[in-house]
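Student: I have a model open and want to read its features one by one. Where do we begin?

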Amino acid sequence: MVVKHYTMKSPRIPLDDSWDVIVAGGGPAGCAAAAAAAREGAKTILIEATGALGGMGTSGLVPAWCPFSDSEKIIYRGLAERVFTACKQGMPHVPKEALDWVAIDPECLKHVYDDLLAEYGARVLFFTTLCAVEMASDDTVEALIVANKAGLSAFRAKVYVDCTGDADLAAWAGASFEKGDDSGETMPVTHCFILSNVDEDAFRHGPPIYGGNPASPLYQILASGKYPAIKDSHLCCNLIGPGTVGFNAGHQWDVDGLAPFRLSEAMAEGRRIAAAFRDGLAEYHPAAFANAFLTATAPLMGVRESRRILGDYMLTIEDYRARRSFPDEISRNCYHIDVHTSKAEIGESRKGEQHLLQRCEFYGKGESHGIPYRCLTPHGLRNVLVAGRAISCDRLVQGSVRIMPSCLAMGEATGLAAAMAARVKNNTRGFPVTDLQQRLKALGAYLPYCS
């Protein structure tokens, strides 16, 4: 395809150069990063493309937190634990002691994030999209170009934190990255949704409908052939409010999260899949879903992987299996290796012959591994940090560290590091990592192997 180019006639746009730290992306990692940087006294702004903070836990309608514990104790502490606890407090049906697979009320969680950033004085700029990265030199970002209702404008800071999920900022600044498996295939995406007017008693006491239950009505739906939009047996769900069930269900393949037209098609297909689940469950589990209706489909697509930056260190599956600790670790992680069904495995999934959990690697009680600070520093960039699912790791490990609790913990560390870097010539490698670790521990982070 021939690519045409257009040269803009007016190179002059407004510039705001008053910031110490700019965070791009307001998901869990970005919220924690902006709050942590502002808490340290850095003048911080968070730039978010949507109108709400929280990313997949709010606008993505993911219905539950992945486990916060290693089956013995909370692993993701500091700001992560604070966000988690505050969200639970807004949900009376959730036991206070619950730590794993806890349901999420997305509206409650939006308020939690709003309050967190307001408390520490981080500014938030909603409905603003990162468009380009301007470089002062090969290793130093000069400014970000963004677009919103005011048109194009530039923002300049001392240090930049990429929490876009797709490593847009780092990649556009020239960072090297990997994407997908050896053939370029990425994990399938999922468009989450909510069903309301569910018979709560029948839902609680009827057959579990998740894909790991061979007796789930899901397999009757698939076998019937009446709902072709539903391609496989991926189905997780949680009671997120009275008579209201959130679903992380259905897969779509060959969706590149960096391809705007394909992502747009997937959103429309996701809405068809959600409607098919409602109708299929009403038919095959009428006690719970006969009168259910589709309340919402997520404004965001659930993209599990895209770019992974190449940092000063790459976390590997060997590190995961060794439960490795690192002298520069800034958080711990205990979630299992969770790489979703490939396109070649659809047939097995539909028949219940291959289930996601059979493909995962799990830790035992009390086990976890470290995430090094070097995974957050893109190789060759001086004043950029990355947190979230795009950190430097191999593909299998990305299937573990990408979860929201881990992103919150990484985000807090990255925000602290950004504030420190802003004080030392804008250099993310310009301070002892032990200083960062000690500050994190003082603020409640779980770093048991750091002195």
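Tutor: On a 1 Å grid over the protein atoms alone, a cavity is a set of points where a 1.4 Å probe fits but cannot get out; a pocket is an open set with protein on both sides within 12 Å along at least five of seven lines. Lining residues have an atom within 4 Å of a point. Grid points are joined across faces, edges and corners, and a volume is the space filled by probe spheres set on the points. Here, the largest cavity has a volume of about 70 Å³.

Student: What should I know about the model itself?

Tutor: It is predicted: local features need pLDDT of at least 70, and side-chain atom pairs count only at pLDDT 80 or more, while totals for chains, interfaces and linings use all residues. Numbering runs from 1 along each chain as its sequence is written, and side-chain values use heavy atoms, with hydrogens and water left out.

Student: How many cavities of 30 Å³ or more does the structure hold?

Tutor: One.

Student: Which elements each supply at least two residues of the lining of the largest cavity?

Tutor: Elements are DSSP runs, numbered from the N terminus: helices (H or I, at least four residues) and strands (E, at least two). For this cavity they are β15 (329-333) and α12. The lining includes Ile330, Ser331, Arg332, Ala409, Glu412 and Ala413. Tyr76, Leu440 and Tyr446 are also among the lining residues.

Student: How does the lining of the largest cavity divide by class?

Tutor: Ala, Val, Leu, Ile, Met, Phe, Trp, Tyr, Cys and Pro count as nonpolar, Asp, Glu, Lys and Arg as charged, and the others, Gly among them, as polar. This lining has eight nonpolar, one polar and three charged residues.

Student: And the second largest pocket: what volume does it have?

Tutor: About 260 Å³. Of its 13 lining residues, Pro11, Ile13, Glu134, Ile145 and Ala154 are the closest to the centre. Strands β5 (129-137), β6 (140-148) and β7 (151-155) give two or more residues each. β6 gives the most, with three. By class, the pocket lining has nine nonpolar, one polar and three charged residues.

Student: Is Glu48 buried or exposed?

Tutor: Buried means under 20% relative accessible area, exposed over 50%, partly exposed in between (1.4 Å probe, protein chains only). Glu48 is buried. It sits in the loop between β3 (44-47) and α2 (79-89).

Student: What is the nearest side chain of opposite charge to Glu48?

Tutor: For charge, Lys and Arg count as positive and Asp and Glu as negative; His and the chain ends are not counted. A salt bridge is a side-chain nitrogen of Lys or Arg within 4 Å of a carboxyl oxygen of Asp or Glu. Glu48 has none; Lys110 is the nearest opposite charge, 11 Å away. Contact means heavy atoms within 4.5 Å. Beyond four places in sequence, Glu48 contacts Gly25, Gly26, Gly27, Leu125, Phe126, Phe127 and Thr128.

Student: Which residues are buried in α2?

Tutor: Leu79, Ala80, Val83, Phe84, Cys87 and Lys88. Their cover includes α1 (28-39), α3 (106-120) and α12 (404-422).

Student: Which residues other than glycine have a positive phi?

Tutor: Trp101 is one, with phi near 55°. It lies in the loop between α2 and α3 and is partly exposed, at 45% relative accessible area. Asn426 is another, with phi of about 55°. Its loop joins α12 and α13 (433-442).

Student: Why does Asn426 count as partly exposed?

Tutor: Because its relative accessibility is 26%.
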